[in-house]
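Welcome, and please have a look at the sequence and the model below.

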Amino acid sequence: MGIVGLPNVGKSTLFNALLKKQTALVANYPFATIEPNVGVVEVPDERLLVLAKVVETSKIVPAVVEFYDIAGLVAGASKGEGLGNKFLSHIREVSVIVHVVRLFEDGDIIHVSNKVDPTSDMTIIDEELALADLATLQKQHEPKGKFSKEEMYAWQVIVKVKEALNHGTPVRDQKLSDEERAALKPLNLLTAKPVIYVFNVSEAQLSDSATIYPQAAISIAMPVKLENEMVDFSQDEQKEYLSQYSLDDTGLNRLIKKAYETLGLISFLTAGVQEVRAWTIQKGTNAQNASGAIHTDFVKHFIKADIVRYEKFVENKGWVGAREVGAVTSAGRDYEMQDGDVVDFKVNV
């Protein structure tokens, strides 16, 4: 996930809040030193703690997403204004864009345009990403001489996409087939990436039903400054704060869950005395390929997967009880994994 936006909209405050969540994760998750602008944050999953109690283990390894703090873009970034080229290259590395948009008023925090106009701010960033994509597409050339059928197909897709982009339609909103998207993939176009808009509001705006939010396909409203402070609250204090706004979770947790959902990811679970862990896979993955999340050799040597739904696993106090009541299914390689499946892979290794 790449956090983008104009200067002084709350990107760094949001990232700092995510880093606080990362600090809590470090003790339980084995990873190498993280760059200062990268935060590895767990995907909130209440099921893991419950499973750990059932199997009596203290080791819990959650699924994670990475957030990249990408410094403020400005108008002209696609032409190198500010540090535009550098930041645009950073955006190319991420799977989903988190676009922070300022709605709060604060005379002490200067707005780059000297006025709070969220729709205009969104347009500036969107246009810069589109201009960068057009520059990439302009560099592509029609195949000449000897060329393959695939090369000509890719060129036809480029022509089609470029025309739509020139008319203001980002690649993600163009009705492209899977084959067309595959042909474009090597170009790593910025407007092909899904966007989650984070509307940075004041507490007053969050509680005011008259607050007007810009149009956006995927969005979350949160008071980012308070979210940063609230990471240090106790759970009871968090619940008390959230109840004022009829919210059942923090903005950070909602953003992380939305990121996971937007990426089309789900978690299957493993539970044993050594550890309880959530494993990340793409929705629609079959059992054989899902086993590769644990170890690549599992795919080649896959035999079957013993699967029980999370609720049945907890209800019957683990594998033994679940097997006794017939709640465990022996699934073949083509079984489509579901979020919340508790799995024991059988492999010939």
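## A buried proline in a loop

Let us begin with Pro214, which is buried because its relative accessible area of 13% falls under the 20% cut-off. In this predicted model, Pro214 sits in the loop that links α7 (203–207) to β7 (219–222).

Which residues does Pro214 touch, leaving aside those up to four places away in sequence? They are Leu103, Pro118, Thr119, Met122 and Phe199.

## An exposed leucine in a helix

Is Leu49 buried or exposed? With a relative accessible area of 51%, Leu49 is exposed, since the cut-off for that class is over 50%. Leu49 belongs to helix α2, which spans residues 47–55. Between the C-alpha atoms of Leu49 and Lys59 there are 9.6 Å, and the two residues are 10 apart along the chain.

## How α4 and α5 pack

Next, a pair of helices. Helix α4 covers residues 118–138 and helix α5 covers residues 149–166; their axes come within 10 Å and cross at roughly 150 degrees. That angle is over 145 degrees, so α4 runs roughly antiparallel to α5. The crossing of α4 and α5 is left-handed.

On the α4 side, the contact is made by Ala130, Asp133, Leu134, Leu137 and Gln138. Their partners in α5 are Ile158, Val161, Lys162, Leu165 and Asn166. By type, the residues of this contact divide into six nonpolar, two polar and two charged.

## The chain as a whole

Stepping back, the protein contains 14 helices and 12 strands. Of its 349 residues, 46% are buried. If you take the contacts with a separation of 6 or more, 65% of them join residues 24 or more positions apart.

The mean pLDDT for the protein is 87, and 88% of the residues score at least 70. Confidence is highest in helix α13 (residues 310–315), at 98, and lowest in helix α3 (residues 84–92), at a mean of 68.

One stretch calls for care: over residues 26–34 the pLDDT is below 50. In the model, this stretch has 10 contacts beyond near neighbours in sequence. Where pLDDT is low, the predicted coordinates should not be read in detail.

Note on methods
Residues are numbered from 1 along each chain as its sequence is written. This is a predicted model: local features need pLDDT of at least 70, side-chain atom pairs count only at pLDDT 80 or more; totals for chains, interfaces and linings use all residues. Side-chain values use heavy atoms; hydrogens and water are left out. pLDDT is the predictor's confidence in each residue, from 0 to 100. Helices (H or I, at least four residues) and strands (E, at least two) are DSSP runs, numbered from the N terminus. Contact means heavy atoms within 4.5 Å. Axes are lines fitted to C-alpha atoms, for helices over the stretch in contact, and angles run from 0 to 180 degrees between N-to-C directions. Angles under 35 degrees count as roughly parallel, over 145 as roughly antiparallel, 65 to 115 as roughly perpendicular and the rest as oblique. A crossing is left-handed if the near helix is turned anticlockwise from the far one by less than a right angle, and right-handed if clockwise. Ala, Val, Leu, Ile, Met, Phe, Trp, Tyr, Cys and Pro count as nonpolar, Asp, Glu, Lys and Arg as charged, and the others, Gly among them, as polar. Buried means under 20% relative accessible area, exposed over 50%, partly exposed in between (1.4 Å probe, protein chains only).
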